[in-house]
Protein chains: 2
Amino acid sequence: MLSKKTKYGIKALTYLARQENRTPVQIATIANSENISLKFLESILLSLRKNGFLGSKKGKGGGYYLLKDPKEIMMTTVMRVLEGPIAMVPCVSLNFYEKCEDCPDEHNCAVHKLMIEVRDSSLKVFRNTSLADMAK
Amino acid sequence: MLSKKTKYGIKALTYLARQENRTPVQIATIANSENISLKFLESILLSLRKNGFLGSKKGKGGGYYLLKDPKEIMMTTVMRVLEGPIAMVPCVSLNFYEKCEDCPDEHNCAVHKLMIEVRDSSLKVFRNTSLADMAK
DNA sequence: GCATTATCCTAGTAAACCTATAGGAATAAA
DNA sequence: TTTATTCCTATAGGTTTACTAGGATAATGC
């Protein structure tokens, strides 16, 4: 299941991608438009800034804005930062790999094989979608 | 993330699918072979029986066995029973649909569109894989 | 300089969910 | 009647999720 954090994060990014110029948009504006709790969104945008997606400006007329062209921001990156691994099992994750405790031999594990297929099919979708696509 | 329950459930089903005949296999045998906590596996197999995948026999020489031909058991069904919805968001789920609270219009939601694609790609994998495939 | 308007940051919390575990009842076979 | 097994309910303990509180910090405009 997608966490609300991820869902809201994607919605906020999409909102910003729809903006014509890169002048800062206030958290409250986005929160209002997308029906997201202000304080929760605040913490999400903060982490998106720390992860290099957003820039910010403090004080009056401040807010958040995208740092890159939406076309260059792929959903794989967004998902990994907000949600974590795309794979359903750590032993199949490309960026967050971990060995299973119970599995003596990964290559002989039926779950492993299935989950590689699932991972690849999801990856294909995320890799083919940019934030610009989302904003359309 | 796949829950351990689902992971262990699939492993147990695969184990049973590999059995040549349908004589009952004890929980302890499976738990041992797959490195799963006995008591935990017990509760998982119980729910698999209640959901029509397994039959059981009590007492000495008892255990669990598959009720259907592994070729007829598709991973979509297994996943839905063990893990729940295949979709990452309820508003995109075929079998567990729920409207989003925050979304006024589903059809205009970028997250919704993306998650439909992800769901369909995962579904394709699960629909093309039977328990017999897993056991190979 | 000062008031106002924003973001920044750390912490905390209630509820839900996950991963088991305990302990005994029911049933079947030898 | 003993032994082996599943059946069933309850619950404990840990983790994660989805927020919320409250003040610090910085920028703007008068």
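Predicted model: local features only at pLDDT ≥ 70, side-chain atom pairs only at ≥ 80, totals over all residues.
**Exercise 1.** Determine which residues lie closest to DNA strand C and which elements supply its surroundings.

*Solution.* 
Step 1. Collect the residues around DNA strand C: there are 25, and the closest are Ser56(A), Ser3(B), Ser37(B), Lys39(B) and Gly59(B).

**Exercise 2.** Repeat the analysis for DNA strand D and find which element gives the largest share.

*Solution.* 
Step 1. DNA strand D is surrounded by 25 residues, the closest being Ser3(A), Ser37(A), Lys39(A), Gly59(A) and Ser56(B).
Step 2. Two or more residues of this surface come from each of helix H1 (4–18) and H3 of chain A, and from each of helix H2 (27–34), H3 and strand E2 (63–66) of chain B.
Step 3. H3(B) supplies the largest share of the surface near DNA strand D, namely four residues.
Step 4. Sorted by class, the residues near DNA strand D are five nonpolar, 11 polar and nine charged.

**Exercise 3.** Describe the contact between the chains, taking the side of chain B that touches chain A.

*Solution.* 
Step 1. On the side of chain B that touches chain A, the elements giving two or more residues are H1 and helix H5 (110–127) of chain B.
Step 2. Of the elements on this side, H5(B) gives the most, with nine residues.
Step 3. The side of chain B that touches chain A holds 13 nonpolar, five polar and six charged residues.

**Exercise 4.** Summarise the fold of chain A: how many helices and strands does chain A have, and what pattern do they follow?

*Solution.* 
Step 1. Chain A contains six helices and two strands.
Step 2. Along the sequence of chain A, the pattern reads α-α-α-β-β-α-α-α.
Step 3. For dimensions, the C-alpha atoms of chain A fill a box of roughly 60 × 25 × 25 Å along the principal axes.
Step 4. Of the 136 residues in chain A, 35% are buried.
Step 5. Among contacts in chain A with a separation of 6 or more, 57% join residues 24 or more positions apart.

Note on methods: Residues numbered from 1 in each chain as written. Chains lettered and ligands numbered in written order. Near = placed C-beta within 6 Å. Contact = placed C-beta atoms within 7 Å. Nonpolar A, V, L, I, M, F, W, Y, C, P; charged D, E, K, R; others polar. Buried ≥ 20, exposed ≤ 12 C-beta atoms within 10 Å, placed from the backbone.
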